[in-house]
Amino acid sequence: MNVPEQMHAMVLGAPGKPPQFVTVAVPKPKAGQVLVRVHACGVCRTDLHIVDGELSDPKFPLILGHEIVGTAVQVGDRVEQFRLGDRVGVPWLGWTCGQCRYCLQGQENICNRALFTGYTIDGGYAEYTVADQRYCFPLPSSYGDADAAPLLCAGLIGYRSYRLAGEKIERLGLYGFGAAAHIIAQVAAHQGKRVYAFTRPGDSDSQAFARRLGAVWAGDSTVLPPEELDAAIIFAPAGSLVPVALRATAKGGVVVAGGIHMSDIPSFPYHILWGERVVRSVANLTRRDGEELLAIAPQVPIRTEVQTFPLAQANDALERLRRGRIQGAAVLVMR
Ligand SMILES: [Zn+2]
Ligand SMILES: [Zn+2]
């Protein structure tokens, strides 16, 4: 396939400055890598944390973006999983060592040497990207490119958070009704859970959106739900929600922090944790999480709501995400 020498990309030169729309060289696939022509790339809150300098040691200069949907246009040596023309999904987990104690225990998500797409390796805010075939996914054919993109982080890491909230739960709270919650609400409702959605106070649009997607109740994060929760997942990056969610959770319940970054958690009285309640975080994803979620997605079926932006308007998409002005997920689409 014809691949140009140069491409457009949004490149982040340093933290605290917006990424710039520039022309750079198209990367070449090394052994085991696929060169992907990007069709769509989701915009994630993690991208904002990187732009804002809230995550340590990103690569610079950096091409953001870790929810990539595209087509394989070149393959390096020893690539067997994808052929030219195949659709490829590239997620946040980009490489692991396969040798550390975490990798050997099925916890590659917390590998000591892991590399992450759009953070420590270049991602998909570009017309082309390279990815290690072993961490890429084939995507269900029932999804268009832009519709599939949010499944690759909001879906996968949301699913891991949901999985670790416990199998036997009946009443699930979701704090922050953005890209991840809008996907997981559908999975949970499909599996017979009662979903309680919590939004920024007064955000009646997001509350109505949550009810449309299967939530039995939606309200402000400042109020208690009408019944106790068996588990809560906090997708919003606000540490103040940890004691709020604990107060809403029954004895033995789990509060999962699903984001990569959170503001400080305020101190809280021990009695809201007592009763064997658990607070835990979720970090990254394993390939197993990806395989499971992508198999479940067409069965539910999960319908993603996306708002698309051209690549050159990535900063506009990021700003709207920051202000809570995106319903569902923001996705960059390439021409
Ligand atoms: Zn993400
Ligand atoms: Zn490892």
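Helix axes are lines fitted to C-alpha atoms over the stretch in contact, and angles between N-to-C directions run from 0 to 180 degrees. The exercises below apply to a predicted model.

**Exercise 1.** Determine which strands helix H7 lies across, and at what angle it runs to S14.

*Solution.* Begin with helix H7, which comprises residues 241–248 and lies across S10, S13, strand S14 (249–257) and S15. The direction of H7 is then compared with that of S14, and the angle comes out at about 150°.

**Exercise 2.** Work out the order of the six strands in the open sheet, and find which are the edge strands.

*Solution.* The order is S12-S11-S10-S13-S14-S15, with parallel pairing. Strand S12 (217–220) and strand S15 (278–281) each pair on one side only, and these are the edge strands. From one strand to the next, the twist averages 20°. Within this sheet, strand S10 (residues 171–175) pairs with strand S13 (residues 229–234) in the parallel sense over four bridges, and leucine 174 stands opposite isoleucine 233 in S13.

**Exercise 3.** Classify the crossing of helices H4 and H8, and describe the residues that make the contact.

*Solution.* The axes of helix H4 (residues 154–164) and helix H8 (residues 287–296) come within 9 Å and cross at roughly 105°. Because angles of 65 to 115 degrees count as roughly perpendicular, H4 is roughly perpendicular to H8. On the H4 side the contact is made by Gly155, Leu156, Tyr159 and Arg160, and on the H8 side by Asp289, Gly290, Glu292 and Leu293.

Methods. Residues are numbered from 1 along each chain as its sequence is written. Chains are lettered from A and ligands numbered from 1 in the order in which they are written. This is a predicted model: local features need pLDDT of at least 70, side-chain atom pairs count only at pLDDT 80 or more; totals for chains, interfaces and linings use all residues. Helices (H or I, at least four residues) and strands (E, at least two) are DSSP runs, numbered from the N terminus. Angles under 35 degrees count as roughly parallel, over 145 as roughly antiparallel, 65 to 115 as roughly perpendicular and the rest as oblique. Two residues are in contact if their C-beta atoms, placed from the backbone, lie within 7 Å. Two strands pair if DSSP finds at least two bridges between them.
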